[in-house]
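Here's a quick tour of a protein model, from the inside out. Have the viewer ready.

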Amino acid sequence: MIEQFRDRVRAAAASGGKLRIRGGGTKDWHGQSFEGELLDTRAYTGIVDYEPTELVITARCGTPLAEIEAVLAERNQMLAFEPPYFGIGATFGGVVAAGLSGPRRANSGAVRDFVLGAKLMDGKGEVLGFGGQVMKNVAGYDVSRLLAGSLGTLGLLLEMSVKVLPRPFAETTLRFAMSEPEAIRKLNEWGGQPLPLSGSCWVDGVLALRLSGAQAAVDAAVKSLGGEPMPDADGFWVGVREQRHAFFAGDAPLWRLSLPSVAAPLAFGSGQLIEWGGAQRWLRADAARAGEIRRAVAAAGGHATLFRGGDKAVGVFQPLAPPVARIHERLKAAFDPAHIFNPGRMY
């Protein structure tokens with residue numbers, strides 16, 4: 001399979017062609033436009049190594065995410081960044097390339113925080129290894145983590161090693177009726193306390209707070225916080241992670257706002273859903289308001305992404321500052337000098 005990938009990459013580089021790297025296609029809508037001939041990774045599958053006592057799993061890019069999570073569940077372990085599937089065909093490579101995390105991200109860490117190593121095929125068809133035997137480019141980046149969220153623009157992710165964690169012994173979800181300003185204030189207040197938080201979501205005047213950990217710690221937190229137990233809590237959190245919650249229904253453009261957790265509510269005249277202790281806020285608003293939204297979010301110290309729907313001509317991702325854009329350009333040139341991988345997917 002590696003030789004087949006190499007032949008495709010070198011042929012594209014020689015002819016000036018473009019390659020569209022794709023696994024299960026469950027996140028095709030994420031990012032800017034697609035261009036190039038399809039390079040399907042799903043045939044390159046399999047768990048290469050899993051050592052439960054070391055809390056590390058290594059798998060090939062086409063391995064189904066469901067297969068990996070099933071193997072981990074047998075040993076009562078999990079991917080603590082709680083990656084969304086957005087479809088039954090989600091692959092391990094797609095998880096890392098998309099860099100998207102679920103409700104646990106604020107308390108456990110993001111995808112990049114768990115990536116320990118990677119094998120990458122660059123734009124010359126060469127296989128590069130990063131991680132165990134650390135290999136850095138001339139700028140000195142931690143390349144294996146740099147690949148998380150790169151949307152396949154730097155190369156073909158072949159294999160990844162990620163850290164896993166034990167599943168919590170106990171878990172419960174509490175709900176509280178409160179306004180948006182009160183929810184932001186309480187989330188920051190609770191975030192500074194030794195509470196076993198593992199998820200938060202405010203929408204439609206109700207704050208849901210998930211607690212995970214040792215039974216004694218969860219029981220003590222429930223007694224301290226009050227609130228009401230949430231029925232079907234597992235279904236609720238899956239609905240938030242997979243964006244099947246009622247808030248995400250419909251065709252209105254969906255914006256993802258990344259803000260300091262203490263930022264005051266931003267009034268855009270439409271509903272919002274708040275996660276990650278106040279740091280991630282989802283907004284339904286027309287893409288034509290991109291300038292207004294991004295100015296307001298930037299003034300609050302954050303950035304805005306047109307996550308799903310709307311006219312992508314406004315730019316899916318927050319425009320980069322010139323110095324940062326130059327770093328992106330140099331990285332792209334170092335890994336993919338012929339610009340064959342997923343051109344235009346990010347900017």
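First, the ground rules. This is a predicted model, so local features need pLDDT of at least 70 and side-chain atom pairs count only at pLDDT 80 or more, while totals for chains, interfaces and linings use all residues. Residues are numbered from 1 along each chain as its sequence is written, and side-chain values use heavy atoms, with hydrogens and water left out.

Let's start inside. The largest nonpolar core has 46 residues, where a core is a set of buried Ala, Val, Leu, Ile, Met, Phe, Trp, Tyr and Cys residues joined through side-chain atoms within 4.5 Å. Buried here means under 20% relative accessible area, exposed means over 50%, and partly exposed is in between (1.4 Å probe, protein chains only). L79, L156 and F335 have the most contacts inside this core. Its largest share, five residues, comes from strand β8 (residues 156-163). A second, separate core holds 18 residues, among them A170, L195 and L225.

Seven of the eight residues of β8 are buried, so the strand is largely enclosed by the rest of the structure.

| Partner of β8 | Bridges | Residues opposite each other |
|---|---|---|
| β4 (residues 56-60) | five bridges | T58 and S161 |
| β6 (residues 115-121) | six bridges | K119 and E159 |

Next, the backbone. Which residues other than glycine have a positive phi? One is N76, with phi near 60 degrees, found in the loop between α2 (65-74) and β5 (77-78). Another is N342, with phi near 40 degrees, in the segment after α11 (322-335). N76 is partly exposed, with a relative accessible area of 41%, whereas N342 counts as buried at 5%.

L320, V324 and Y347 make a nonpolar surface patch of about 250 Å². Y347 lies in the segment after α11 and is partly exposed at 48% relative accessibility.

Note on methods
Helices (H or I, at least four residues) and strands (E, at least two) are DSSP runs, numbered from the N terminus. Two strands pair if DSSP finds at least two bridges between them. Patches are made of residues with over 30% relative accessible area and no salt bridge: like charges are joined within 9 Å, nonpolar side chains (Val, Leu, Ile, Met, Phe, Trp, Tyr) within 5 Å. Accessible areas come from the Shrake-Rupley method with a 1.4 Å probe; for residues, only the protein chains shown count as cover. A salt bridge is a side-chain nitrogen of Lys or Arg within 4 Å of a carboxyl oxygen of Asp or Glu.
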